[in-house]
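Subject: Structure handover and notes

Dear colleague,

I am passing on the structure below, together with some notes on what was found in it. Please read the notes with the structure open beside them.

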Amino acid sequence: MSSNSSKTSSKDFEILNISVRAITQNELSYEIGNFISNNDKKIIGIHNLNSIYLANNSPEIAGFYKLPQMEFSFIDGMSVVLIGRLLGYPLYRRHRLTSIDWLFDLSKLCEKNHWKIYFLGSTTEVGERAKAEFQEYSPNLKMKTHHGFFDAENKVECNTILKEIEEFKPQILIVGMGMPRQEKWIANYINKIDANVIFNWGACMDYIAGVVPTPPRWAGRWGVEWVFRLAYEPKRLYKRYLIDPWYLLPLFIKELVSKRLG
């Protein structure tokens, strides 16, 4: 485990019916190291406003975040930090962790500790380009990728992938096939997955590989990264950013009133 990791002092908070952990990058690295050292099998979930909306409206997504192997979920979205602060929780920018800002540090941590990463998702080309980017930053990193365009209902195909994961023996598995597909796949096969730490991390490798433009980093710090993403992919993202969040407004008002009256 990285020598600069420190013991975690993180806390869990309920925001819009969803549990999130206020955890920093160093604390998350510390937790990962603990899970690997203990040879655990843990899911570390990721929450942004979209996943919170889905978890409130999809039994499959809600069930995923309640799996016995789900250790905690960290925050990947400044909107969640801002909502949490409005509800009175001590959440800050340092508690918002994104793939663009953190995965290269994770690759360096894995390289140092001889941990392996397996990425399942996106296309073969994206996976290999992302792998090349990581290995340029961390030359001795051991990483394997597999595309996500397989039949997730086909047990033969899935068992072949699970066998490949078992043979590679990764400490970290990142599943990036989009919601709710990635969560359903993890839930269906969690007992067969041979990895210590499992992430559900959407299109993270698309950004690492450079096939989707990376918004300016200041935009993420100020909670407007979504504007740049929406401008690049309006057809795919307009509902996520412009429509779905409004369905959470009554829930936010209810929690805010409850906090104030309580």
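The residue to begin with is N159, which is found in helix 7, residues 155–168. Please bear in mind throughout that this is a predicted model.

Which of its residues are buried? They are E27, L28, S29, Y30, E31, I32, G33, F35 and I36, and what covers them includes strand 2 (18–22), strand 3 (42–47), strand 4 (70–75), helix 5 (99–113), strand 7 (172–176) and strand 8 (197–200). Just after helix 1, N39 takes a positive phi of about 55 degrees.

Helix 5, which is among the elements covering helix 1, also packs with helix 6, residues 124–137, where the two axes come within 9 Å and cross at roughly 60 degrees. That angle makes helix 5 oblique to helix 6, and the crossing is right-handed. On the helix 5 side the residues involved are L103, F104, D105, S107 and K108, which meet E133, F134 and Y137 in helix 6. Sorted by class, this contact has four nonpolar, one polar and three charged residues.

The other helix pair to report is helix 11 (residues 225–232) with helix 12 (residues 234–243), which pack at an angle of about 145 degrees with their axes 7 Å apart. Their crossing is left-handed. Helix 11 contributes W226, R229, L230, A231 and Y232 to the contact, while helix 12 contributes P234, L237, Y238, Y241 and L242. By class, the contact of helix 11 with helix 12 has nine nonpolar residues, no polar ones and one charged residue.

Key: Residues are numbered from 1 along each chain as its sequence is written. This is a predicted model: local features need pLDDT of at least 70, side-chain atom pairs count only at pLDDT 80 or more; totals for chains, interfaces and linings use all residues. Side-chain values use heavy atoms; hydrogens and water are left out. Buried means under 20% relative accessible area, exposed over 50%, partly exposed in between (1.4 Å probe, protein chains only). Helices (H or I, at least four residues) and strands (E, at least two) are DSSP runs, numbered from the N terminus. Contact means heavy atoms within 4.5 Å. Axes are lines fitted to C-alpha atoms, for helices over the stretch in contact, and angles run from 0 to 180 degrees between N-to-C directions. Angles under 35 degrees count as roughly parallel, over 145 as roughly antiparallel, 65 to 115 as roughly perpendicular and the rest as oblique. A crossing is left-handed if the near helix is turned anticlockwise from the far one by less than a right angle, and right-handed if clockwise. Ala, Val, Leu, Ile, Met, Phe, Trp, Tyr, Cys and Pro count as nonpolar, Asp, Glu, Lys and Arg as charged, and the others, Gly among them, as polar.
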